[in-house]
Amino acid sequence: MKTIYAYMLIISCSLFLESCKKFVEIDPPTTQLVTVKVFDNNESAIAALTGIYSRMNNDSTLPYTFSLQTGLEADELKNYSTSTSMVQMYKNALNAIEATTPNYWKLGYNYIYQANAVWEGCNTSTQLSPAVKKQLMAEALFIRAYWTFYLTNLFGNVPLVTTTDYTINSKASNASKDQLYNQMIADLVKAEADLNVNYVDGTSVATTTDRIRPNQYAAAALLARVYLYAGNYAAAEQEATKVINYVSLYKIASINNVFLKTSSEAIWQIMMPMPSSIGNTYEGAYFNLGKVPASGLTNNATVSTQLLNAFEPGDLRKINWISSFTSGTQVYYFPYKYKEKGSSTITEYTTPLRLSEQYLIRAEARAQQGTLSGAIGDTDVIRNRAGLTLIKDTNPNINKADLLTVILRERQVELFTEYGHRWLDLKRTGNVDAVMMQVCPLKGGTWSSYKQLWPIPQTELQNDVNLSQNTGYN
Amino acid sequence: MVAHPGYQSQCCINKSSNQPILTNQLTTKDMNNIFIERVRLWLKKSAGPTFSPQIIKYCVAMKLFIVVLILSLNVSASVYSQKISLSYKNAPLREVLQSIRKQSGYNFLFNSSMLTIAKPVTVTVNEANIEETLNAIFMDQPFTYKLENKIITIRKKEEPGLFEKVKSFLKSITFSGKVVDEEGAPLPGATVKANGKATLTNSKGEFSLSGVEEGTDVVISFIGYLPVTVKASRTYMNIRLERKAGDLNEVVINKGYYTTTKELNTGNVSTVSAVDLEKNPVSDPLLALEGRVPGLFIQQTSGAPGRSVTVRLRGQNSIANGNDPLYIIDGVPFNSNPLNMTSLSTGAGGNTSPLNDLNLNDIERIEVLKDADATAIYGSRGANGVILITTKKGRSGQSKIDVNIYTGGGKPDRKLDLLNTPEYLAMRQKAFDNDKATPASYDYDVNGTWDKNRYTDWQKVLIGGTAKVTDVQAALSGGNELTQFRLSGGYRSEGTVFAGDQKSTKGNGQVTITHTSENKKFQAVFSGGYIANLYRLPSVDLANNILLPPNAPALYDANGNLNWANGTFVNPLAATLQTYKETTNNLISNLALSYQIIPGLQLKSSFGYNRNELNQLRLIPLTSVNPATLIYYSDPTLGRENDQSNSITSTWIIEPQVSYNKNIWRGKLDVLVGSTFQENAQKGLSQTGIGFSNDALIENLLGASIAVINQTTNSQYRYNALYSRISYNLEDKYILNLTGRRDGSSRFGPGKQFGNFGAIGAAWLFGKENFITQNLPFISFGKLRASIGSTGNDKLPDYQYLSTYSSYSTSYQGTNGLYPTQLTNPYYGWEKVNKIEAGIELGLLKDRINLNVSWYRNRTSNQLVGYSLPTVTGFDKIQANLPAVVQNKGIEIDLTTINFKNKNFSWESSFNIAVPRNKLVSFPNILASSYATKYAIGQSLFVNYLYQYTGINSSTGLYTFQDQNGDGNITFQKDRIPIFAGQDFYGGLNNTFKYKSWQLDVLLSFTKQTGRNFLFSVMPGIMSNQPKGILTANNLQPFSQNYGGAFYPTNSLFNSSDATITDASFIRCKNVSLAWSFPHKWQQIRFIKGGKIYMQCQNLFTITGYKGLDPETLGGGFVTLPPLRMVTAGVQFSL
């Protein structure tokens, strides 16, 4: 009898412990989705990818802030803001202790993480339809390359991140320029091969007119840029040509249609996630001054004298892409590429990749390879739309060096306040010291060559002992 | 086992005997000898020598058996409860006596035949001592009793002769009166005793003792009070009893799942009672604890009403997670984390303190459990200590209404001495001169945009108001012996010192009912409270703006609208036009049921529920929006905004438990086994609407043209445990207490949920040993105690082991995007805290001096941290166990003295001090971790890695720093060294002076610490005001306004150098309370039972050398509203 009681006791105790175990095992929160479930079906897998585009637009109003701050840092814009982050950027006075606001390093690597997560999630999933899976994985590579490109060109030899495994990434060390560019190229080559030829809609398969998801040509366009920066001019020419030659989709638009959502020269755009109080684009909302420039984080900058002076007389871009506000005798010029300030009717999308850049990439690549006539022809396509005289008419025998200078200035007046082109161009062409020595004192700062790279945020160095700071920063 | 009367009669004892003489120290052997002697006496007297020695022997043997039983019970009786509760109606005396024996352990010696003349007993006593009980029982019996050494001998009353009877009848009178306490409240159940006659006071405190001789001594006594002797008279007498000082044996300590007395407690528990709590005119009970509990560090983070409070008990155990203690309100765990949704920014002063959802006036006492012995039974939840809050309960007796009303006002007690306009402009000019620069387009203060002749004292304008406070509390309590109740309600309104008119209000209601069944076996205690808080605050802390240039534009334009100066000025008053409202609703209820199955075995279960809700609302009307920012909206109505959130946390808890106590050998064993089932659920929703057609409609989200959901949260936490306590108390001198627990928490991943914890505590009451009582009689109490044990810590966010995606609030291509929530690591487990403590408690000179000294050492290992990662990984942290060990070690001293005491005047002091030392004991491979330049092995966690300032280079005028690694550069990674910034010691000193009806309490709190100095946080010269000190300081580099100039980088290094760590010690007069109690004769007035008029003052003055707004909130370069100096006056009375 006693043993029976003992057994009963043991059984009831173990039942109790078992029920305790069940008691503390809880269901996942209903407000979140367990990662493995995300890649169980097309819809949520697509949402995991397009969420990245949402953030690339909405995080810190990035299309505006990034263009503004790189513009302030270079010679494109004049600052009126008292905000420390703006003043430091304007005076080329970044330091490692205070990370930039917004923290581009952190944002960039977060997008890369998300892209890697989508790639890995799709890669292991067996439940996605093959077309969707292929498209999503290719877009993920595109995003990874896009942000690796910017991080490299802002911060220099940044770590290369191709996995979500934090145990590896947390020990990452600075990668060489070659490693970084080789990875970008590999990613984009793969993306170009796998992406849909057409622009896809929310299903990731069906075609749509909106160009807000990268297609094959978006990958080619970005690849052209990467090759140009890497100095592989032949390949840059080849990729740009692919895009330029696809005339059924891409044509130079008339001057006031370039930044429309229906623009024929848009290669890749990002839509404003809905709903939004801004409506169209942050550039349109925050660059356009309706008053004197303010001291805060928006509507705080005007076009610099250097940029205004860079335009040739009669340049349609100066007339149409720059506007002004007059207060008394003071005239404030501001970027006016995006014209809509908060209309709820959506007509414009922010445009990271467009055809004109491809012409200028090919022009430069051809000039570098010595094919000056081709280079002149490409440059003239842009000058023609701007209502300017053509080089083939005015200076057909221009030499290579002069032509490269012309192309650089053409990039300055064509691509101003578009995702930092001017700042990156100054650096990659080696003109940065010459230009900034002149400009920086005018902005109230002191130039040193090391300032062309941003400091890696101090906390990163604290948390990753393998990482080295860029020269010149403490 | 009873000393059975049957055996006694068999032993032929039929006559009451003389009392044996008992010595003070009895052993069993002694007792037997005495008994044998006594039996011989009996035999001699009653039966003569006819009894053979065999019979005697036999009788003695029998008796011995009984006596041994009696004695074994006698010895253990000392650990029985000192309180006896009885309720009988016409019961046989024998039954009543048996019950007393069971409860008290006292034994009775009597002749069983006597019981035939015993009268039926009708008696009701509640928690009475043995004498009171016996007096009540034997009052009408034809017996008297004598109590000696735990044996009660009962004898027949001697029949007085006729003459005596007549004589006493002639002299006898009926003496009646009323017994009250110091506050004039009646004391029911007090014993009134004269010449063998005794009675108890009734529920009104009244008594009537008939048949006593006039002028005879009448002694009135009551537990916890000093007895009073008066002469019996024919007039009605009011008798006031005074409380006994520091009666350790009477002070019950709540240790959560069980109670003990202060005397017998093996752990470290500090108690703050309502008497002290009520001296503080504050709303948040935590603020009333500051300076009163050794080792409890309380830091008010803002002077705005209801803002969160930092609480650290014995330092920081965990590097990253959960250093808050566990709060238990009447048995229900209370969430102390602010409910604010992260997507909605808070109003002035930061997050709400959930503890402000309790009502100070309803709290009976707060117990702070510190060491392993006291906290181990709470297991993982108690790793950082436990704060037990017990609400007031009703008392039996006449129904009573207590009312307390006070009103007053508050202002910041300190002000920064800032530059005036000419000084400020001179500083700016000098900065431009030093930079060889001219003012730029955005230098509005000096480029002529703003009037250079203006001057505004921004501190006065923005935080110079008076925060008016009014507090009204009322409670009705009463009940009979079986059922007691207390109903209370209150209202409080508290303003702010900010510009504008914001008022926070608090309403509260509380019910408690205690019921005991007639047979005393079943007890039910219910308490339920509901508190609603409404906070109205500016949407940002206006103190942030006190460094505005003194010549910044006027706040209002000519039309009375906010002045934006063409977009050049961010008007700080915009925040006052933006409604920021928080409402909290807190329901907390608990039902505890207990049933005594058999004597000693008790079944208990507690059921608790708590629901705490926070609604935040921020409205941005168009009038508060800088027009410069409106222009990018196509429609200005988009500038109107409504942000709101709703967040609810609810907790239920069920705790069944069985307890058993039994006398074993010479001691008493207590065993407790219980289990906890707890669930917390948290839900939240935060949304934003914009585009309202006018300011009046803005409160209704329905009017928004665009509405977005910003954040939703939904989490669940489950916790389950099995706990046990075994305690053995040997002769009230040696006590051993074992507690153990197995905990399961849903915050850990599969397979990692359970952990085992336990503790051993022991105490030796050496003050009771002979060698002390005989040789050192001035030691009235002495105890050594020690404990060792471990607890766990699971205070980390929910679901950290789960890899999830969350939904984005906006859509892309018509689909709401998803994003990964966090990096995940499913392998982390319990954080473990090992605690050791030793303490000595001394009472000297009849407890006029009480000294407690504790030494403790807590070591936390397997640290659960949000391990900092480089953001290269995509996120900045991951949940993980760190192999680091953190040690908190310290000494706490608590000294209470009665310095002077006579009839009219008394002076009592209590002093406490805590000397904490925090150390990172080990951290394998720290240099390869992300903590390499955050913490240092062997040093406190309260270090900052800072550059070492070495003065100004006389040629460049720049700050210089020590090049630690000598590489010629000052680098972030190689040249910073750990510098301590934290508390060296802290504590409080309270003095209480009483003169007749007056009482003055003065509480000083003090902290010796270093902290970040505010002085150099913004580079002097930049568009921001500065303290006047910069004009005379000779250790500053030249003023500069250029972020890109030569001065800025060194200024940045300077801000990260040890030069910014200065002494921030302070002595703050935390509380002064002056009260005048109503004279006793007022109690003749029909309604008033007692009361007082008082003045109270919080933060009266601060003595500090700290350069900054406030040494308590510190705040570094960020200026926040300091705690206010609050002065109130009030009245408290009972009806």
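## Exercises on a predicted model

Ser270(B) lies in strand β15 (residues 269-273) of chain B; strands (E, at least two residues) and helices (H or I, at least four) are DSSP runs numbered from the N terminus. The model is predicted, so local features need pLDDT of at least 70 and side-chain atom pairs count only at pLDDT 80 or more, while totals for chains, interfaces and linings use all residues. Residues are numbered from 1 along each chain as its sequence is written, chains are lettered from A and ligands numbered from 1 in the order in which they are written, and side-chain values use heavy atoms, leaving out hydrogens and water.

### Exercise 1

Find out whether Ser270(B) is buried or exposed, and which residues it is in contact with.

Step 1. The relative accessible area of Ser270(B) is 9%. Buried means under 20%, exposed over 50%, and partly exposed in between (1.4 Å probe, protein chains only). Ser270(B) is therefore buried.

Step 2. Set aside neighbours within four places in sequence; Ser270(B) is then in contact (heavy atoms within 4.5 Å) with Val293(B), Pro294(B), Ile366(B), Glu367(B), Val368(B) and Lys370(B).

Step 3. With Lys370(B) there is also a polar contact between the two side chains, at 3.1 Å. Such a contact is a pair of N or O atoms within 3.5 Å; within protein, one must be able to donate a hydrogen and the other to accept it, and residues adjacent in sequence count only if both atoms are side-chain atoms.

### Exercise 2

Describe how helix α15 (residues 355-369) and helix α16 (residues 372-385) of chain A pack.

Step 1. Their axes are 7 Å apart, at an angle of about 155°. Axes are lines fitted to C-alpha atoms, for helices over the stretch in contact, and angles run from 0 to 180 degrees between N-to-C directions.

Step 2. Angles under 35 degrees count as roughly parallel, over 145 as roughly antiparallel, 65 to 115 as roughly perpendicular and the rest as oblique. α15(A) and α16(A) are therefore roughly antiparallel.

Step 3. Residues of α15(A) that meet α16(A) include Tyr359(A) and Leu360(A), and among those on the α16(A) side are Leu372(A) and Ile382(A).

### Exercise 3

Work out how many helices and strands chain B has, and what share of its residues is buried.

Step 1. Chain B has 15 helices and 53 strands.

Step 2. Of its 1135 residues, 55% count as buried.

Step 3. Now take contacts in chain B between residues at least 6 apart in sequence: 70% of them join residues at least 24 apart.
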